[in-house]
Structure formats: C-alpha cells, structure tokens
Amino acid sequence: MTPVLAAILLLAYLLGSIPFGWLVAKSQRIDIREHGSKNIGATNVWRVLGKKYGLLTFACDTAKGLAAVLLGRWIAGHWPVHVALPHGHERTVFFPADFAGIAGAVGCVLGHSFPVWLGFRGGKSVATSLGVIFGMMPLAALLTFALWGAIFKATRYVSLASLVAASALPIIVVALMFLWPAKMWGAVVGWGNFYFACAAAALVIRRHRDNIRRLAAGTENRMTNDEG
C-alpha cells in the first residue's frame with residue numbers, strides 16, 4: 001500500500017467516523033443509542049427527534065460521503081510520488097484521481113459503519129453511501145435516490161426502500177457504463193466503480209439484517225404520514 005493510498009483511507013475513515021446522528025441528538029441532550037432502534041442513522045433520529053433533525057442528520061451523513069471522495073482526489077492531485085528510473089533518473093507521478101476517489105469512498109463508508117469514536121458501532125451507511133456515489137457517479141446516485149424515493153412513497157418503509165435501492169445500485173452502474181462508456185468514465189475506472197457499488201450494496205444489505213427479518217414477518221415499522 002502506497003503512502004498516498006494509506007493517507008486517503010485513514011483520513012476518509014476518520015471523516016466517515018464522525019457520528020452526526022449521535023451529535024445531532026446529543027445537542028438535544030439525548031443519546032440516540034438509547035432510543036428507538038438505537039441506531040445513529042437519520043431514520044432513527046427522525047423518529048425520535050422529528051423531521052428537522054432527521055433531515056439534518058441525513059444531509060450531514062451524505063455530505064461527508066461526498067467530501068471523502070473529493071478529499072481523496074485532492075490528496076492524489078497534490079501528493080507527487082517520485083519513481084526511480086534507470087541511470088539515476090526519476091519520474092514524478094500522481095496517484096490516479098478516480099481510484100483515489102474510490103479509496104476515499106471505501107474509507108468513509110467503513111468509518112460510518114464502524115466509527116472508532118463509538119466503539120465501532122455505527123449506522124447502516126445508506127446516506128453516506130449515497131454521498132460517496134454522488135461524488136463518484138452523480139447520475140447513478142440520482143437514479144438510485146429516485147428509486148429509493150419511489151419505493152418509500154409507495155410503501156412508507158424506509159428499510160425496504162434502502163434495500164431495493166442498494167440492490168439496484170450495481171445494476172444501474174453497469175448499465176450506465178455500457179450506455180455511456182466514453183463520456184462517463186474509462187473502462188478500468190468504470191469497473192472499479194462497479195465493484196465498489198457491489199461492496200457498498202452488500203454492506204447496506206448486511207446492516208439491514210434485522211429489518212429484513214421484520215419485513216418478512218410483517219412487523220417492520222412504517223414511516224407514518226405524520227412523521228414524514
């Protein structure tokens with residue numbers, strides 16, 4: 001692992017570890033881990049504290065995902081690496097910006113899911129994943145969010161909307177790769193984005209294990225019209 005990659009992963013992880021849901025609730029003298037589903041994500045903050053605080057948490061978690069991708073690209077563009085060549089020569093190169101963005105995305109999502117500040121017990125990574133996808137692939141993020149909104153509006157299940165959107169993300173990414181391969185990204189970088197989308201989707205689905213069981217049993221809570 002190169003020093004550049006290590007720095008991106010570490011800084012993005014620390015950024016992702018900022019527990020905005022916990023901080024927002026703490027500002028209201030509430031430990032969100034002791035209320036509702038005990039999750040620090042935007043949905044639980046929304047249920048416990050109301051729409052305003054839930055949206056604030058969602059916006060902050062999404063923004064840190066976007067910021068992590070931009071941070072990774074910025075570091076890659078400002079950290080030259082000197083490669084030794086034969087006969088005492090050297091060449092200055094930079095870590096590829098697109099792969100740096102992917103590294104930032106990985107670090108941030110892991111940080112949100114397993115924050116060092118809260119004993120590695122974090123959120124379900126839906127909002128943060130949306131943020132990093134927006135930084136890497138804006139059109140894919142918009143389509144995924146639109147799908148999430150449609151499922152949520154039809155069912156009022158936040159968890160079901162998140163699971164469907166996460167499952168669809170890799171399909172959306174690979175479809176866009178083949179529809180606009182030259183305009184949107186190169187083949188190598190595009191497949192890197194696809195692999196990240198698969199990993200992010202798998203993590204989101206895994207973090208929703210309890211929700212899946214409740215959905216199957218018909219005991220999952222809907223977001224009521226009064227709440228949303």
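A pocket, as the word is used here, is an open set of grid points with protein on both sides within 12 Å along at least five of seven lines, and its lining residues are those that have an atom within 4 Å of a point. With that in mind, and remembering that this is a predicted model, we can look at the second largest pocket, which is lined by 15 residues, with S37, K38, N39, R121 and G122 lying nearest its centre. Its volume is about 480 Å³. Sorted by class, the lining of the second largest pocket holds 9 charged residues, 4 polar ones and 2 nonpolar ones. The helices α10 and α11 each supply at least two residues of this lining, and α11 gives the most, with 4 residues.

The largest pocket has a volume of about 880 Å³. How many residues line the largest pocket, and which of them lie nearest its centre? The lining is made of 43 residues, and those nearest the centre are T43, V126, W148, V158 and S162. Several helices take part, for two or more lining residues come from each of α3 (42-49), α4 (51-78), α6 (126-136), α7 (138-155), α8 (158-179), α10 (187-207) and α11 (209-217). Among these contributors α8 gives the most, with 6 residues. By class, the lining of the largest pocket divides into 20 nonpolar, 18 polar and 5 charged residues.

Two packed helices are described by the angle between their axes and the distance between the axes.

Take α7 and α8 to begin with, whose axes come within 8 Å and cross at roughly 150 degrees. An angle over 145 degrees counts as roughly antiparallel, which means that α7 is roughly antiparallel to α8. The crossing in which α7 passes α8 is right-handed. On the side of α7, the residues that meet α8 are L139, A140, L143, T144, L147, W148, I151, F152 and T155, while α8 brings V158, L160, A161, S162, V164, A165, A168, L169, I172, V173 and L176. In this contact of α7 with α8 there are 17 nonpolar and 3 polar residues, and no charged ones. W148 of α7, together with V158 and S162 of α8, belongs to this contact, and these residues are also listed among those nearest the centre of the largest pocket.

Helix α8 also packs against α11, at an angle of about 115 degrees and with the axes 10 Å apart. Angles of 65 to 115 degrees count as roughly perpendicular, so α8 is placed roughly perpendicular to α11. Here α8 passes α11 in a left-handed crossing. The meeting residues are S159, L160 and L163 in α8 and N211, I212 and L215 in α11. By class, the contact of α8 with α11 has 4 nonpolar and 2 polar residues, and none that is charged.

The remaining pair to follow is α1 (residues 3-16) and α4, which pack at an angle of about 160 degrees with their axes 10 Å apart. These two helices are therefore roughly antiparallel to each other, and their crossing is right-handed. From α1 the contact draws on V4, I8, L11, A12, L15 and G16, and from α4 on K64, A67, A68, L71, G72, I75 and A76.

How values were computed
Residues are numbered from 1 along each chain as its sequence is written. This is a predicted model: local features need pLDDT of at least 70, side-chain atom pairs count only at pLDDT 80 or more; totals for chains, interfaces and linings use all residues. Side-chain values use heavy atoms; hydrogens and water are left out. On a 1 Å grid over the protein atoms alone, a cavity is a set of points where a 1.4 Å probe fits but cannot get out, and a pocket is an open set with protein on both sides within 12 Å along at least five of seven lines; lining residues have an atom within 4 Å of a point. Grid points are joined across faces, edges and corners, and a volume is the space filled by probe spheres set on the points. Ala, Val, Leu, Ile, Met, Phe, Trp, Tyr, Cys and Pro count as nonpolar, Asp, Glu, Lys and Arg as charged, and the others, Gly among them, as polar. Axes are lines fitted to C-alpha atoms, for helices over the stretch in contact, and angles run from 0 to 180 degrees between N-to-C directions. Angles under 35 degrees count as roughly parallel, over 145 as roughly antiparallel, 65 to 115 as roughly perpendicular and the rest as oblique. A crossing is left-handed if the near helix is turned anticlockwise from the far one by less than a right angle, and right-handed if clockwise. Contact means heavy atoms within 4.5 Å.
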